[in-house]
Amino acid sequence: MPRPRLLQTIWRFTLIVIVSAGSVQAQNGSELVKVFLDCGACDDDHVRTQITWVDYVRDPEQADVHVFITTHHTVLRGEQYEFTFIGRGEYETIQYTFLRTIDQSATNEEERSLVNEAIRTGLMPYVTQADPEAFTVHYDRTGLREHEATLESDPWRHWTFTLYGGDFELDLESNRKIFDSRWGFFADHQSERWKIRVRPYFNYDLFVVSRAGAEDVRSSISRHGLDSYVIKSLGPHWSAAVFGTYVTRNDRNLRHHGTLLPGVEYSFLPYAEATRRAITLTYMIGVTFTDYFERTIFDVTRESLMRHEVDFSVAIRRPWGDIFGGVEVSQYLHDISVLRTELGCAVSVRLFEGFSLQVEGGYEMIRDQLSLPKGDASLEEILLQQRELATDYAFSSSIAFTYTFGSRFANVVNTRF
């Protein structure tokens, strides 16, 4: 198997770490560099078992180096990791960031190995300052040649295709049967100027309850559709797009429902900073078409309406925590009272050593249930969620905290059971 390509990287180097049979501490009596690994996408256990010449701690306040790692999809069919190394204490003057891109075809093991290699690279300035005689460095420029060859020989023109047919669930009991299924297809194109997606999907749920001396209770819900968009880059702060959707849902009285919404987006910060912080404002306006299974409470079986939408969102990920929030307002133009407002926020913050707080909340003001069918819902339809119910709002919230104390070290990996 050819080794995976590292793209969007000007140079690549491999560090050959030479450590004698004992640890650095055993060689000269000095302490190992203490590292806090902050990466939701990494295999922490694998990192700790492969990079053993540092001490891992459970909280950033205890660390000499805070390794902060984020990821996002790239225009070249891969996953881009952004590695930030933040020195603390006597290492506070050593802080820097670099990128590594992993090809989509890489296996999990190849991806783990490349992430470990990048972490080794980033830790070198700290460990060599602690003990400069314990390590040697080898520099390899082959990655640059691989990168240039890849850019010139991509036969797919930055298109990727994904078939999925997972999430099949079958539960069988003597008096009950449940079957859930999800399958579909992704076609994605990403380049510096364009972002395109075509995604047909199919969902089918079946629920059957057997009753002695009576007919079985049977519920089937189908949700099939198509999501698609074409997004054009207009510079570091502006984008233009067209979104098209289609859905058929028997539990929402939608025989056929389609939308076509052109729009523009303004990013208050350059898009290049979006992996760590993003503030965006989006406006879309277009048309919707709906053919209903049953006549609605507005006494129609089909209609075409104009609709517009405004979205404002903030996303910040920093070493001290994450903040996500936004507000979305959509409105039908034939009657401005037919609208929906959604607000959401999620905050995760490390308040002090060992203590983290997570708060999430969401609220919807609902005034746009145009598909509600005439007549009252039966008890069976309500219990089996076969019919949408009228509501004015929806609210959800959660709060959680974690507090960890005790040994500061997190070196030991034990995968038994």
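Trainee: Buried means under 20% relative accessible area, exposed means over 50%, and partly exposed lies in between (1.4 Å probe, protein chains only). In which of these classes does aspartate 299 fall?

Mentor: This is a predicted model, in which local features need pLDDT of at least 70 and side-chain atom pairs pLDDT 80 or more, while totals for chains, interfaces and linings use all residues. Residues are numbered from 1 along each chain as its sequence is written, and side-chain values use heavy atoms, with hydrogens and water left out. The relative accessible area of aspartate 299 comes to 42%, so the residue is partly exposed.

Trainee: Where does aspartate 299 lie, and what is its phi?

Mentor: Aspartate 299 sits in the loop between β13 and β14, each of these strands being a DSSP run of E, at least two residues, numbered from the N terminus. Although aspartate 299 is a residue other than glycine, its phi is positive, with a value near 65 degrees.

Trainee: Turning to the strands, where is arginine 249 found, and how far is its C-alpha atom from that of serine 222?

Mentor: Arginine 249 belongs to strand β11, and with a relative accessible area of 22% this arginine is partly exposed. Along the chain, arginine 249 and serine 222 are 27 residues apart, and in the model the distance between their C-alpha atoms is 5.7 Å.

Trainee: Which strand holds arginine 350, and what separation do the C-alpha atoms of arginine 350 and proline 319 have?

Mentor: Arginine 350 is located in strand β16, where its relative accessibility of 26% makes it partly exposed. Between arginine 350 and proline 319 there are 31 residues along the chain, and the separation of their C-alpha atoms is 8.9 Å.

Trainee: How many aromatic pairs does a search of the whole structure find?

Mentor: Rings of Phe, Tyr and Trp (its six-membered ring) pair if their centres lie within 6.5 Å, and planes under 30 degrees apart count as stacked, over 60 as edge-to-face and the rest as tilted. When the whole structure is searched for aromatic pairs, their number comes to 21.

Trainee: Why are the rings of phenylalanine 355 and phenylalanine 401 a stacked pair, and which strands hold the two residues?

Mentor: The ring centres of phenylalanine 355 and phenylalanine 401 are 5.7 Å apart and the ring planes meet at 20 degrees, so the pair is stacked. The pair links distant parts of the chain, 46 residues apart, with phenylalanine 355 in strand β17 (residues 355-366) and phenylalanine 401 in strand β18 (residues 393-403).

Trainee: Which of the two classes, buried or exposed, applies to phenylalanine 355, and which to phenylalanine 401?

Mentor: For phenylalanine 355 the relative accessible area is 18%, so this residue is buried. For phenylalanine 401, by contrast, the relative accessible area is 57%, and the residue is therefore exposed.

Trainee: Which residues form one aromatic cluster together with Tyr81?

Mentor: Besides Tyr81, the cluster includes Phe83 and Phe85.

Technical notes: Helices (H or I, at least four residues) and strands (E, at least two) are DSSP runs, numbered from the N terminus.
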